[in-house]
Amino acid sequence: MASGEGDNKSANLLAAETARLEEHLEGWGEVMLAADRVLRWEKPWFPAVMILAVSIVFLLIYWLDPSVLTGISCAIMMICLADYLVPTIAFRMFGSNKWTAEQQQRFHEICSNLVKTQRRIVGWWRRLFALKEEKPKMYFMTVVSVLSVVAWIGQQVHNLFLTYLIVPFLFQ
């Protein structure tokens with residue numbers, strides 16, 4: 001198979017995965033576009049709002065001090081509520097007749113980027129296991145070293161504060 005055929009097949013697969021994701025997230029379109037505008041900092045005050053929202057959530061977690069099981073349960077409950085309510089409320093608030101070609105293009109780009117990110121993560125995961133198969137000693141030393149450093153950092157810094165520091169970097 002020629003390189004061009006492989007690139008074409010990969011592009012077709014990417015397009016199919018993106019179309020599938022667009023179909024799954026159809027009810028979330030307006031919300032995703034609004035979140036995209038905030039995460040891209042289209043307005044100069046968006047970073048402050050983002051940090052304020054993250055800070056409020058973490059202050060609430062600190063104040064309530066839930067157990068791990070309660071925290072996980074509440075997080076899953078919020079995800080389920082959002083999954084149920086957001087498409088319904090978004091449709092009533094925004095309506096489907098206001099969807100422009102520019103918004104559709106941006107939604108397609110967001111979905112394509114999500115698919116590419118998922119592919120990247122899966123690729124890293126596969127490379128890690130390929131390293132395990134090809135060079136088990138290197139794999140062992142790398143994993144043990146990295147996890148030892150992470151464990152040491154986790155021992156030195158409070159879990160909630162460490163998570164609070166990590167979350168804004170995930171939004172970039």
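This briefing walks through the helices, a pocket and a handful of residues in the structure above. It's a predicted model, so local features need pLDDT of at least 70 and side-chain atom pairs count only at pLDDT 80 or more, while totals for chains, interfaces and linings use all residues. Residues are numbered from 1 along each chain as its sequence is written, and side-chain values use heavy atoms, with hydrogens and water left out.

**Helix 7**

- Helices here are DSSP runs (H or I, at least four residues), numbered from the N terminus.
- Helix 7 covers residues 159-170, and at 1.5 Å a residue its twelve residues should span 16 Å; the end C-alpha atoms are 16 Å apart, which agrees. The expected span is 1.5 Å times one less than the number of residues.
- Leu 160, Val 167 and Pro 168 are buried in helix 7. They cover an arc of only 90° around the axis, which puts them on the same side of helix 7; the arc is that of the directions from the helix axis to the C-beta atoms.
- For burial, the cut-offs are under 20% relative accessible area for buried, over 50% for exposed, and partly exposed in between (1.4 Å probe, protein chains only).
- What do the buried residues of helix 7 pack against? Their partner is helix 3 (46-64), with contact meaning heavy atoms within 4.5 Å.
- On the face turned away from the buried side of helix 7 sit the exposed residues Asn 159, Phe 169 and Leu 170.

**The largest pocket**

- The largest pocket comes out at a volume of about 1500 Å³. The volume is the space filled by probe spheres set on grid points, which are joined across faces, edges and corners.
- A pocket, on a 1 Å grid over the protein atoms alone, is an open set of points where a 1.4 Å probe fits, with protein on both sides within 12 Å along at least five of seven lines; lining residues have an atom within 4 Å of a point.
- The lining has 41 residues, and Val 54, Val 57, Phe 58, Val 167 and Phe 171 lie nearest the centre of the largest pocket.
- Helix 2 (29-39), helix 3, helix 4 (68-94), helix 5 (101-134) and helix 7 each give two or more residues to that lining.
- By type, the lining of the largest pocket splits into 30 nonpolar, seven polar and four charged residues. Ala, Val, Leu, Ile, Met, Phe, Trp, Tyr, Cys and Pro count as nonpolar, Asp, Glu, Lys and Arg as charged, and the others, Gly among them, as polar.

- Helix 5 has 34 residues, which at 1.5 Å a residue should span 50 Å; its end C-alpha atoms are 48 Å apart, which agrees.
- Phe 107, Ile 110, Cys 111, Ser 112, Val 115 and Gly 123 are the buried residues of helix 5.
- Ser 112 has a relative accessible area of 11%, and it touches Leu 14 and Thr 18, not counting residues up to four places away in sequence.
- Over in helix 1 (residues 3-24), Leu 21 is partly exposed at 22% relative accessibility. Beyond residues up to four places away in sequence, Leu 21 touches Cys 111, Leu 114 and Val 115.
- Leaving aside neighbours within four places in sequence, Glu 17 is in contact with Val 115, Gln 118 and Arg 119.
- Asn 8 is partly exposed at 46% relative accessibility, and its C-alpha atom is 45 Å from that of Ser 55, 47 residues apart along the chain.

**Loop residues**

- Most residues other than glycine have a negative phi.
- Trp 41 has a positive phi, near 60°. Trp 41 sits in the loop between helix 2 and helix 3 and is partly exposed at 42% relative accessibility.
- Asp 65 also has a positive phi, about 50°. Its place is the loop between helix 3 and helix 4, where Asp 65 is exposed at 63% relative accessible area.
- Trp 28, in the loop between helix 1 and helix 2, is partly exposed at 21%. Leaving aside neighbours within four places in sequence, Trp 28 is in contact with Ala 82, Asp 83, Val 86 and Pro 87.
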